[in-house]
Amino acid sequence: MILFKKVADLHKYLDTQREIGMEIGFVPTMGALHQGHISLIEEARKHNSLVVCSIFVNPSQFNDPADYRKYPSTIDSDIALLENADCDVLLYPSVEEVYPDPDEKSHYELGYLETIMEGKFRPGHFQGVCKVVHRLLKIVGPDNLYIGQKDYQQCLVIKRLLELMGMKDQISLHIAPTLREKDGLAMSSRNARLDAQQRQIAPGIYQTLNLVRKEIKPGNLQLLKEKGMNHLLEKGFRPEYVEIADASTFLPLNEWDGSQKLVVLTAAFLGEIRLIDNLLLN
Ligand code: AMP
């Protein structure tokens with residue numbers, strides 16, 4: 001694997017690779033890699049002649065400065081995992097490399113995608129996500145982009161970004177399923193910050209999502225969402241939301257006619273660690 005810290009060097013290298021007909025698969029990450037990330041690398045490996053991963057903890061997507069400061073960093077083991085997964089290129093840039101002009105302003109028209117759920121509870125988060133993904137896509141110029149369903153709303157935001165930037169015909173978006181620990185906890189870099197007691201409680205998120213999946217029936221959904229919130233509270237979480245939405249439009253639903261495809265999504269704190277997860281319901 002070749003490690004690039006300088007954007008210009010990577011750019012030059014990828015130009016030569018494109019010229020010889022390489023197809024580029026790209027997996028952007030914030031590092032502290034786990035098997036969930038590696039499953040994206042493996043998927044990219046299957047379908048591309050060149051696999052590029054980036055590790056960049058993007059300050060502009062953190063609405064909570066403490067969350068940014070405490071974001072785990074495990075670069076040595078990340079490199080080992082990537083080499084083991086046969087990744088070809090790692091971009092590991094500084095903040096200055098990614099944002100050479102700190103005053104540059106951007107705004108992406110995301111509509112309701114950034115006013116509900118993650119957008120509502122993390123103001124500015126998706127603008128930050130768009131800013132970094134847009135920049136990384138311009139640097140890497142991939143044919144295929146791999147992201148995880150674990151961040152369901154982010155998948156829709158990135159789909160929208162590709163449309164907004166007129167990139168949707170050049171870059172194919174691939175959404176990979178969520179990898180979980182044996183007890184159902186969705187793999188996440190933030191799990192490393194859970195203490196032993198919190199780690200025991202954490203699968204309660206998946207149990208709550210499954211409870212909703214088991215009990216969903218056509219009609220009013222309000223009571224079931226409340227039941228989900230209470231289930232999390234009883235287990236010791238501080239839930240922000242349990243929401244049921246149309247799986248494709250992402251619009252939250254209070255009534256279900258039994259035909260639409262649905263997704264249940266939640267965000268909940270354990271101590272100061274914020275965890276998110278989601279499950280397709282039908
Ligand atoms: P992050 O490093 O958290 O920004 O995640 C980088 C990419 O990995 C994103 O596209 C995530 O959706 C994806 N990802 C994170 N956790 C998982 C998981 N448990 N299973 C599959 N993909 C994941």
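In the predicted model, a polar backbone atom of G148 lies 2.9 Å from an oxygen atom of the ligand, a polar contact being a pair of N or O atoms within 3.5 Å (within protein, one must be able to donate a hydrogen and the other to accept it, and residues adjacent in sequence count only if both atoms are side-chain atoms). A backbone N or O atom of M30 is likewise placed 2.9 Å from an oxygen atom of the ligand. For L179, a polar backbone atom is 2.9 Å from a nitrogen atom of the ligand. The ligand taken alone exposes 490 Å², of which the protein buries 92% (Shrake-Rupley accessible areas, 1.4 Å probe; for residues, only the protein chains shown count as cover).

Around the ligand there are 16 residues, of which M30, H37, D151, L179 and M187 come nearest (a residue is near if one of its heavy atoms lies within 4 Å). By class, the shell holds eight nonpolar, six polar and two charged residues (nonpolar: Ala, Val, Leu, Ile, Met, Phe, Trp, Tyr, Cys and Pro; charged: Asp, Glu, Lys and Arg; polar: the others, Gly among them). Its largest share, three residues, comes from α2, with helices (H or I, at least four residues) and strands (E, at least two) taken as DSSP runs numbered from the N terminus.

The chain is assigned domain 1 (2-176) and domain 2 (189-280), with bounds from an automatic or database domain assignment. The domain centres, taken over C-alpha atoms, are separated by 26 Å. The contact takes 22 residues from domain 1 and 21 residues from domain 2 (heavy atoms within 4.5 Å). About 2000 Å² is buried between the domains, with 56% given by carbon and sulfur atoms; buried area is the accessible area (1.4 Å probe) that two parts lose on being put together, summed over both. On the domain 1 side, M117, F121 and Y152 lose the most area to domain 2, together 32% of what that side buries.

Residues are numbered from 1 along each chain as its sequence is written, and side-chain values use heavy atoms, with hydrogens and water left out. As the model is predicted, local features need pLDDT of at least 70 and side-chain atom pairs count only at pLDDT 80 or more, whereas totals for chains, interfaces and linings use all residues.
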